[in-house]
Each structure stands twice: as structure tokens, then as C-alpha cells.
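Open the model in your viewer and keep the sequence panel beside it. The stops below are meant to be selected in order.

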Amino acid sequence: MINNKRILAVIPARYGSRRLKQKNLLKINNKSLIELAFNSAKKSKYIDRTVVSTENKIIKKSCEKFDKDAVISRPKSLSQDNTKSEKVLIDVIKKIGKDFYYIILLQPTSPLRTTQDIDKALRKIDKNKFDNLVSICVTSQINSYYISSTQNLLIKKKKINVKKKNFKVNGAIYICKKKNFLKEKTFFSKKTGFIKMPKLRSIDIDYREDFIKAKKLIENDFKGRKNYN
């Protein structure tokens, strides 16, 4: 809870994956990507409840090992390759979100995101009265998109400009005011704020090489190094 506003964390974790099979169940230090995300949320000063949204019995059983009440079942129709996270979030909100003011979406594929990142983001959205907030990082990818911002607000996404420093949404943190989100059904409104995360902690696991890189960083205790932050 932050300033008497209850917070629900949602971890979307379907079984299928187009590029890296069963990636949400891959393990680092004997913990699945789902459990790593769950633990980072549970350590937050502000989050009141953390749940995993899945359609799969194997994932459900794996979650019961660390929290028997963690799973919120979703229909298979919301577990396809083209299913948007926004639809998954709306499904969870309708089922258990009544008493929460903020909803934070934490994808398992960002295992280098920390509890400190989460709490910093929650403080910022509340202090600045944003409707939404997302995490971003520096990017040098020519075919990517970058973030243009003014007065702490993320205002638009454009094609990358190679002559300047560019940012992209890194997929680690999405926060919304529940009431506004149910109306707009997007994290990118006129009042979307952002927090910057270091590029090395912004790995979004999509391919095997992403997982190997993240695994090495975590297992080598990269968090203790100065350049990690």
C-alpha cells in the first residue's frame, strides 16, 4: 500500500512461447523466471498482493510450491501468441481487482528487474499523479522505437534517430491506475510517466541467447557490481 492505495502485482505467464519454448519455466539459481518475478514483487514495501495469471496446469503446480494462492486462471483464448498483455490484465482486474488502486504488471522475462526498481516506479507514479508508468532504457537498435518525453511524461514513440541518445520501453515494469486503465485499456495515455533502467538490467528474454546472458549475470552476482546500477 502507498498513501492508503492498495496495489496488485500481476505476473503474466502462459505456457507456450513462439521463439523460446516454455521460457517462463526456465530456471536461474534453481528458481523459474516466474518465481524470480514473484519474489521481487513480494519483497516490495508497497505491493499488497501478487498473483500469476496462467492457463496452464504445469505452471499452476510450479507456483503452488512457493505460494498456493498465487494463481489466477485465465482462458486459453487469452494465452495465444497475439494476446495483448492489456487483455490479460483486464481479465485479472475483473476477477480480483476490485479493492486495488494501482495494478503493476511484471513480466517474468525481465529477471534483472529489482524490487528497488519496482518501489521506485510505484513512488514516482503516485507522487506525480500519473495515470500510467512504464520502464525504459537506452537503445542503439536502428529498427527499434525510441521514447520522446517532456516534463517527466512519455509522450510518444517514434522511429529511431541515430544522431541522438534514444530510449525504448524495456518491458520490465508497467503500472496503471486501475480505474483509468479499464476505460482506456492502454498503458500509453496522455499521462504516462517513466523510470529509466540501465541497459544491462533491461534484458527481455525472447531468445535462448537472452536467457544465457541474463543467467550468467545473475549467477555471477552482477547485482553487487557498481556498473549494474
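This is a predicted model: local features need pLDDT of at least 70, side-chain atom pairs count only at pLDDT 80 or more; totals for chains, interfaces and linings use all residues.

Residues are numbered from 1 along each chain as its sequence is written, and side-chain values use heavy atoms, with hydrogens and water left out.

**Whole chain**

Start with a cartoon view. The protein has six helices and eleven strands; these are DSSP runs, helices being H or I of at least four residues and strands E of at least two, numbered from the N terminus. Of the 229 residues, 52% are buried. Buried means under 20% relative accessible area, exposed over 50%, and partly exposed in between, with a 1.4 Å probe and protein chains only. Switch to a surface: the protein exposes about 12,400 Å², and carbon and sulfur atoms supply 46% of that area. Accessible areas come from the Shrake-Rupley method with a 1.4 Å probe; for residues, only the protein chains shown count as cover. Among contacts between residues at least 6 apart in sequence, 72% join residues at least 24 apart, a contact being heavy atoms within 4.5 Å.

**The nonpolar cores**

Next, select Ile 7, Ile 47, Ile 104, Leu 106, Ile 173 and Ile 175, which have the most contacts inside the largest nonpolar core, a set of 31 residues. A nonpolar core is a set of buried Ala, Val, Leu, Ile, Met, Phe, Trp, Tyr and Cys residues joined through side-chain atoms within 4.5 Å. Two or more residues of this core come from each of β1, α1, α2 (57-64), β6, α4 and β10. Centre on Ile 7: leaving out residues up to four places away in sequence, Ile 7 touches partners including Tyr 46, Ile 47, Phe 100, Tyr 102, Ile 104 and Leu 122. A separate core of 19 residues includes Val 51, Val 134, Cys 176 and Phe 181.

**Helix α4**

Select residues 115-128, which form α4. This helix has 14 residues and reaches 20 Å from its first C-alpha to its last, close to the 20 Å expected at 1.5 Å a residue; the expected span is 1.5 Å times one less than the number of residues. Colour by burial: the buried residues of α4 include Ile 118, Ala 121, Leu 122, Ile 125 and Asp 126. An α-helix has 3.6 residues a turn, so residues three or four places apart point the same way. The buried residues of α4 pack against β1, α1, β6 (102-105), β7 (132-139), β10 (166-177) and β11. After the helix comes Lys 129, with a positive phi near 60°.

Move to β7, where seven of the eight residues are buried. On one side, β7 and β10 pair in the antiparallel sense over seven bridges; two strands pair if DSSP finds at least two bridges between them. Asn 132 stands opposite Cys 176 in β10. With β11, β7 runs parallel and is joined by five bridges. Leu 133 has Gly 193 as its bridge partner in β11, and Ile 136 stands opposite Lys 196. Four of the five residues of β11 are buried, so this strand is largely enclosed by the rest of the structure.

Asn 132 also touches Glu 184, which lies in helix α5 (residues 178-184). Glu 184 is partly exposed, at 38% relative accessibility.

**Salt bridges**

Last, show charged side chains. The structure holds seven salt bridges, each defined as a side-chain nitrogen of Lys or Arg within 4 Å of a carboxyl oxygen of Asp or Glu.

- Select Asp 126 and Lys 5, which form a salt bridge at 2.7 Å, N to O. The pair joins α4 to the segment before β1 (7-12), 121 residues apart. Asp 126 is buried at 5% relative accessible area, whereas Lys 5 is partly exposed at 23%.
- Select Asp 48 and Arg 6, whose closest N and O atoms are 3.9 Å apart. Asp 48 lies in the loop between α1 (33-42) and β4 (49-54) and Arg 6 in the segment before β1, so the pair ties together parts 42 residues apart in sequence.
- Select Asp 206 and Lys 23, a salt bridge at 3.4 Å, N to O. Asp 206 is in the loop between β11 (192-196) and α6 (208-219), and Lys 23 in the loop between β1 and β2 (27-28), 183 residues apart. Lys 23 is buried at 16% relative accessibility, and Asp 206 is partly exposed at 22%.
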